[in-house]
Amino acid sequence: MEHLSDIKMLDMLGGHIEANERERYLSHIENCADCRKHWHDLRQVWGVLGALENDICSIDLIPAVTTGINHRRSNFFLYARKLSKIAASILLAAFIGYGAGRISMSKSPEKLSLVVAETSYLVCLAPGSSTGLAESE
C-alpha cells in the first residue's frame with residue numbers, strides 16, 4: 001500500500017472515514033514508519049487546534065465587508081470620473097484644434113486667385129520652361 005495522504009489522515013481525524021477503511025489505514029500506519037511519524041504529528045496539531053476555543057459565530061463580518069465593498073466602489077467611481085474628465089479634455093482639444101485649423105486654412109476667392117497667379121509665375125522661372133528665364137547663358 002502507498003503512503004497515506006494528508007487528506008486521508010485528516011479525514012480519519014475528523015471521523016469522515018468508514019470503520020473498515022479506518023482499520024485498514026491504521027494497520028498501514030502501524031507498519032509504516034513514515035506514515036506513523038506523520039500521523040503522530042497531525043494528531044498533535046489536531047489536538048492543539050481542537051483545544052483552542054474560538055467562537056467565530058459571535059463575530060459579525062457584514063459591516064466590515066460592506067465597508068470594504070463601498071470603499072472599493074467609491075474608489076472605482078472616482079477613478080472612472082477622473083478618466084472621463086481626461087477623455088473629455090482630449091476630445092475638446094482635438095475639436096478646437098480641428099476647428100482652428102479649418103478657419104486658418106480657409107481662403108477668400110481673391111487670395112486664392114493670388115496663390116494661383118504666384119504659382120504660375122514661379123512655374124515660368126523653373127528650369128526647362130518654355131520662357132527660358134531660368135537658363136544660364
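Helices (H or I, at least four residues) and strands (E, at least two) are taken as DSSP runs and numbered from the N terminus. The structure is a predicted model, in which local features need pLDDT of at least 70, side-chain atom pairs count only at pLDDT 80 or more, and totals for chains, interfaces and linings use all residues. Residues are numbered from 1 along each chain as its sequence is written, and side-chain values use heavy atoms, with hydrogens and water left out.

The protein chain contains five helices and zero strands, and its pattern along the sequence reads α-α-α-α-α. Confidence is expressed as pLDDT, the predictor's score for each residue, from 0 to 100. The average pLDDT of the protein chain is 80, and 74% of the residues score at least 70. Among the elements, helix 2 (residues 19-31) has the highest mean pLDDT, 91, whereas helix 5 (residues 109-124) has the lowest, 67.

Burial was assigned from relative accessible area: buried means under 20%, exposed over 50%, and partly exposed in between (1.4 Å probe, protein chains only). Of the 137 residues of the protein chain, 9% count as buried. Accessible areas come from the Shrake-Rupley method with a 1.4 Å probe, and for residues only the protein chains shown count as cover. The accessible surface of the protein chain is about 11800 Å², and 62% of this surface belongs to carbon and sulfur atoms. With a contact defined as heavy atoms within 4.5 Å, 50% of the contacts between residues at least 6 apart in sequence join residues at least 24 apart.

By the rule that a salt bridge is a side-chain nitrogen of Lys or Arg within 4 Å of a carboxyl oxygen of Asp or Glu, the count comes to two salt bridges. One of them joins the side chains of Arg-24 and Glu-21, at 4.0 Å from N to O. Arg-24 and Glu-21 are separated by about one helical turn, because they lie three residues apart in helix 2. Arg-24 is partly exposed, because its relative accessibility is 46%, and Glu-21 is likewise partly exposed, at 29%. A salt bridge also joins the side chains of Asp-41 and Lys-37, at 3.1 Å from N to O. Asp-41 and Lys-37 are four residues apart in helix 3, and so are separated by about one helical turn. Asp-41, with a relative accessible area of 30%, is partly exposed, whereas Lys-37, at 53%, is exposed.

A disulfide is defined as a pair of cysteine sulfur atoms within 2.5 Å, and a search of the whole structure finds zero disulfides. Cys-32 is in no disulfide, the nearest cysteine sulfur being that of Cys-35, 3.7 Å away. Cys-35 is also in no disulfide, and its nearest cysteine sulfur is that of Cys-32. Cys-32 counts as buried, because its relative accessibility is 11%; Cys-35 is buried as well, at 2%.

Patches are made of residues with over 30% relative accessible area and no salt bridge, with like charges joined within 9 Å and nonpolar side chains (Val, Leu, Ile, Met, Phe, Trp, Tyr) within 5 Å. A nonpolar patch on the surface is formed by Ile-59, Leu-61, Val-65 and Ile-69, which together have about 380 Å² of accessible area. Within this group, Leu-61 is placed in the loop between helix 3 (33-51) and helix 4 (62-105). Leu-61 counts as exposed, because its relative accessibility is 54%.
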